[in-house]
Amino acid sequence: MTAGIRVTVTFPTPPDCPVAELSADANTVISDVSTSVTRAGSTDARSEFLVDAEAVPDDYEHDPVFAYADRHLYRVTHDADCPCARLGEYETPVHRYFVTDGALEIVFHATDFDRLQTIVGELRDRYPDVDIQRLVRTSTEGSARDPVFVDRGKLTDRQLEVLRTAYEMGYFERPRGANATEVADELDVTPSTVTEHLLAAQSKLFRDVLEREP
């Protein structure tokens, strides 16, 4: 088995995505989605998805292809410019699609960082509001370890400055190389300001490490 990177990206307003449009109209979550480009070079894609039957508006333009007790299966042919279909161009395994209130989240796998940079770069060119939520390197050793790449960009400049200064002064060491007052003196702020920024920064980073939602 080849090691790789599991990537979670979100698209707040994905274009030409019938699943996102229905999710927004119905104010519902759609998680059972499969998307494929119909043929090489085609401008059309086909998406299949399950949605709660009661959530679908009466004026929805498509008919279900199959009806379960409480959910309907739809198959929709649409423009292939939506993010779901575009990922198919890279032959990238998709772990899941998740759409809530019109916002699309896709979890996919990249073989390495070079491949990841290519995919993300092209996605950003096409969809400027794409947001990388999480990167996780998979393991080939059969280990339960699952390292997470935290997003430092979630920190404000001030939070990052305080965190870096505290780390460099040994604030997190045991025994401590510096206390909050000494870090505050170095930054010319109050100790309470240091504590406030450190707590905020650690909370944001811990969400990534523990894979928790904000």
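Trainee: Strand 5 and strand 6 form a hairpin, so to speak; how many residues lie between them?

Mentor: Three residues separate strand 5 from strand 6 in that hairpin. Strands here are DSSP runs of E with at least two residues, helices are runs of H or I with at least four, and both are numbered from the N terminus.

Trainee: Before we go on, what kind of model is this?

Mentor: It is a predicted model: local features need pLDDT of at least 70, side-chain atom pairs count only at pLDDT 80 or more, and totals for chains, interfaces and linings use all residues. Residues are numbered from 1 along each chain as its sequence is written, and side-chain values use heavy atoms, with hydrogens and water left out.

Trainee: Which residue in strand 6 is the bridge partner of A67?

Mentor: H72.

Trainee: And strand 4 with strand 6, how many bridges there?

Mentor: Nine, again with the strands running antiparallel. Strand 4 spans residues 44–52 and strand 6 spans 71–79.

Trainee: New topic. How many salt bridges does the structure hold?

Mentor: Four. The cut-off is a side-chain nitrogen of Lys or Arg within 4 Å of a carboxyl oxygen of Asp or Glu.

Trainee: What does D32 form a salt bridge with?

Mentor: R71, with the closest N and O atoms 2.5 Å apart. That pair links distant parts of the chain. D32 is partly exposed at 33% relative accessible area. R71 is also partly exposed, at 29%. The scale is: buried under 20% relative accessible area, exposed over 50%, partly exposed in between, with a 1.4 Å probe and protein chains only.

Trainee: What about R75, which residue does its side chain meet in a salt bridge?

Mentor: E48, at 2.6 Å from N to O. This pair too links distant parts of the chain: R75 in strand 6, E48 in strand 4, 27 residues apart. R75 is partly exposed, at 40%. E48 is partly exposed at 22%.

Trainee: Now E105. Is it buried or exposed?

Mentor: Buried, with a relative accessible area of 14%. E105 lies in strand 8, residues 103–110.

Trainee: Which side chain does the side chain of E105 meet in a salt bridge?

Mentor: That of R96, at 2.4 Å from N to O. R96 is partly exposed, at 36%.

Trainee: What else is E105 in contact with?

Mentor: Setting aside neighbours within four places in sequence, E105 is in contact with T8, V9, T10, R96, Y97 and F98. Contact means heavy atoms within 4.5 Å.

Trainee: On to helix 4. How far does it reach, first C-alpha to last?

Mentor: 16 Å, close to the 16 Å expected at 1.5 Å a residue. The expected span is 1.5 Å times one less than the number of residues. Helix 4 has twelve residues, 157–168.

Trainee: Which residues of helix 4 are buried?

Mentor: Q159, V162, L163, T165 and A166. Down the helix axis they fall within an arc of 165°, so they line one face of helix 4. The arc is taken from the directions from the helix axis to the C-beta atoms.

Trainee: Which exposed residues does the face of helix 4 turned away from its buried side carry?

Mentor: D157, Y167 and E168. Just after helix 4, G170 takes a positive phi of about 85°.

Trainee: What phi does N27 have?

Mentor: A positive one, about 50°, although N27 is not a glycine. N27 sits in the loop between helix 1 and strand 2 (29–30). At 58% relative accessibility, N27 counts as exposed.

Trainee: And D101, where is it found?

Mentor: In the loop between strand 7 (94–100) and strand 8. D101 has a positive phi of about 50° and is not a glycine. D101 is partly exposed, at 48%.

Conventions
Pairing = 2+ DSSP bridges.
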